[in-house]
Amino acid sequence: MAETLDQLFVLAKHALVDSTPAAWRPWVSSILSIAAMIMAFATLFALTTILERKGLGRIQNRLGPNRVGPFGLLQPLADGVKSLTKEDLVPRSADRVLHFLAPLVLVIPVFLALAVVPVGRNMVAVDLDAGILFFFAVGAATELSVFMAGWSSRNKYSVLGAMRAVSQMISYEIPLILSALPVVMITGSLSTVQIVERQAVFTGLLPSWNVLTPWGLAAFLLFLIAGTAEANRCPFDLPEGESEIIAGYYTEYSGFKFALFFLGEYIGLFAMSGLAITLFLGGWSAPLAALAFIPGYVWFFGKLLALIFLFIWVRGTLPRLRMDQLMNFAWKFMLPMSLMTILSAGAWHLMSPTPGVPLSSAEAVTHSAGGTIARWLVCGFLVAAPYILLGRYLTEGRNVGPRTYRYAD
Amino acid sequence: MMHPAFLIIALLIVAGATAAMRLRNLIHCALALTCALGGVGLLYLLLGAQFVGFAQFLVYIGAVSILIVFAILLTHGMDGGGDTLFSRGRALGWGLSLVVFAVLGGAVMSSRMLPEGSTEPLASTPAVRQIGDLLMTRYILPLEIMGLLLTAALIGAVLLAMKSGASAMPHTQPGGKAATQPGRDGQ
């Protein structure tokens with residue numbers, strides 16, 4: 001029963017594909033996968049916009065949207081109609097072709113990136129051997145889109161926003177990819193499906209998720225921070241800081257093109273969160289063996305919503321960084337720390353009971369207690385020591401305590 | 001016969017490369033060049049070389065094109081230049097392109113062709129793993145040398161950037177620490 005429920009969508013797709021003529025089957029199969037992905041994530045996008053506005057409202061002690069439908073739940077619908085019926089303004093001196101292309105160059109790659117994220121057992125649009133590489137390769141196009149949007153608008157704010165965005169994205173892409181690397185090293189594969197399957201086995205009570213190791217926890221936090229910066233979300237939202245440069249690279253966008261940018265940002269956030277879940281949080285696997293009867297897609301989307309909640313919470317809590325703080329943080333903290341997680345993962349691999357064997361089979365071997373403790377200590381030290389030293393060094397001579405206000409009290 | 005996908009990709013590459021030469025606006029040229037480079041990546045994918053194809057996207061679209069665009073913006077300002085590159089040194093250009101074409105043509109003609117019948121693509125499953133294994137065993141020395149070279153370049157770039165900015169930074173002076181600048185953190 002649980003098995004059928006878990007594979008419900010896979011079975012339904014197979015039944016649908018089998019009912020068509022044999023010549024159509026590859027096409028029908030692809031189209032069904034794509035349609036399901038787009039539907040699911042577009043619905044999630046609509047849900048997230050309302051969740052974000054409600055959540056931010058809650059944090060800022062106000063109600064948030066509550067006029068359309070019960071509790072304002074139909075607000076995304078109203079927003080959609082509004083953005084579709086608004087006039088599409090293009091500045092007279094803008095570069096019309098690039099201005100038109102920029103939202104498309106953003107939206108298409110982020111949807112492509114979703115294709116390699118497994119949302120359930122056997123539920124991935126394409127299982128590529130170089131899945132992780134594919135994810136980052138298509139993600140590279142978003143930087144170009146941001147630049148195209150900013151430059152083609154012929155607006156100083158837009159160009160400033162685009163330059164900020166591109167330099168930020170390039171700086172944080174390095175720690176992002178480097179913090180995904182330990183998982184690839186330990187798993188010995190670039191395929192997202194294999195990475196999840198390796199984490200979906202239970203050792204004792206706990207699952208063998210990567211986040212439950214010293215290097216995994218550090219890499220997960222680094223990945224989340226870099227992913228936030230990559231998605232241009234608060235506190236890394238300098239490129240679109242309303243109070244400084246209006247809306248950055250999409251100052252000159254209106255109507256449906258703006259909605260496309262909005263969609264692209266959120267889908268990019270989902271893709272990034274989905275990859276974080278795949279790499280560190282065990283993808284569709286249950287946190288406890290006793291809970292494995294709940295279908296995998298429920299776990300995946302549950303984890304996704306939890307991460308989205310975290311992003312909303314962070315947005316409501318943290319103030320925006322300055323440009324120099326942003327760059328210093330990327331190059332002086334994120335980069336060395338991500339290199340250290342790689343070192344720690346290497347030590348983790350060498351100190352495993354059977355270092356030569358591919359880890360998927362080595363994990364089944366029972367560890368000796370002393371060896372496990374030594375492994376944890378060494379790997380934890382390799383992450384914690386540089387964290388403390390870097391923190392000391394970077395905050396040296398700075399007043400990092402609570403601020404004192406001379407006149408406000 | 002020519003594969004239809006190959007035809008489309010080849011057209012994309014040629015059109016992108018031509019546009020990169022002929023367009024008047026330098027930013028447009030850079031974006032057209034990106035288009036051509038992306039087409040080359042697609043060509044790798046068509047040939048079943050997943051790793052090389054994705055690496056091409058990651059490096060050329062993600063980094064090199066942005067680098068070119070930044071260079072144009074920093075040297076020409078926002079307008080992105082005016083004149084096309086077609087004016088001067090036409091003879092030299094023809095000569096260079098002929099030499100490059102001859103070298104590439106010679107390399108293609110002298111390479112060993114697979115027989116026409118065996119169009120079956122190589123299985124891509126072991127390819128990524130094989131590249132990884134070879135990089136870590138047989139080609140470890142070139143890999144390390146390249147890493148060293150890139151690190152040296154990185155440090156050199158940092159040194160260049162530091163030299164120009166060092167005198168303007170307030171926190172490098174021993175006495176006047178960041179305390180004199182209330183708005184800044186000094187780092």
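Me: What share of the contacts in chain B with a separation of 6 or more comes from residues 24 or more positions apart?
Reply: In this predicted model, such residues account for 48% of those contacts. Two residues are in contact if their C-beta atoms, placed from the backbone, lie within 7 Å.

Me: How many helices and strands are in chain B?
Reply: Chain B has six helices and zero strands. Helices (H or I, at least four residues) and strands (E, at least two) are DSSP runs, numbered from the N terminus.

Me: And how much of chain B is buried?
Reply: Of its 187 residues, 17% count as buried. A residue is buried if 20 or more other C-beta atoms lie within 10 Å of its own, exposed if 12 or fewer, and partly exposed in between, with C-beta atoms placed from the backbone.

Me: Which residues of chain B touch chain A, by number and by element?
Reply: 21 residues of chain B are in contact with 22 residues of chain A. Helices H2 (26–46), H3 (50–76) and H5 (125–136) of chain B each give two or more residues to that side. The largest share, ten residues, comes from H3(B).

Me: Switching to chain A, how do H11 and H12 cross?
Reply: The axes of H11 (residues 255–280) and H12 (residues 296–317) of chain A come within 10 Å and cross at roughly 120 degrees. Axes are lines fitted to C-alpha atoms, for helices over the stretch in contact, and angles run from 0 to 180 degrees between N-to-C directions. H11(A) and H12(A) are therefore oblique to each other; angles under 35 degrees count as roughly parallel, over 145 as roughly antiparallel, 65 to 115 as roughly perpendicular and the rest as oblique.

Me: Which residues meet there?
Reply: Among them, A:Leu269, A:Phe270 and A:Ile277 in H11(A) meet residues of H12(A) including A:Phe300, A:Leu304 and A:Phe311.

Me: What about A:Asn232: is that residue buried or exposed?
Reply: A:Asn232 counts as buried, with 25 C-beta neighbours inside 10 Å. Although not a glycine, A:Asn232 has a positive phi of about 55 degrees, and its place is the loop between H9 (214–230) and H10 (242–245) of chain A.

Notes:
Residues are numbered from 1 along each chain as its sequence is written. Chains are lettered from A and ligands numbered from 1 in the order in which they are written. This is a predicted model: local features need pLDDT of at least 70, side-chain atom pairs count only at pLDDT 80 or more; totals for chains, interfaces and linings use all residues.
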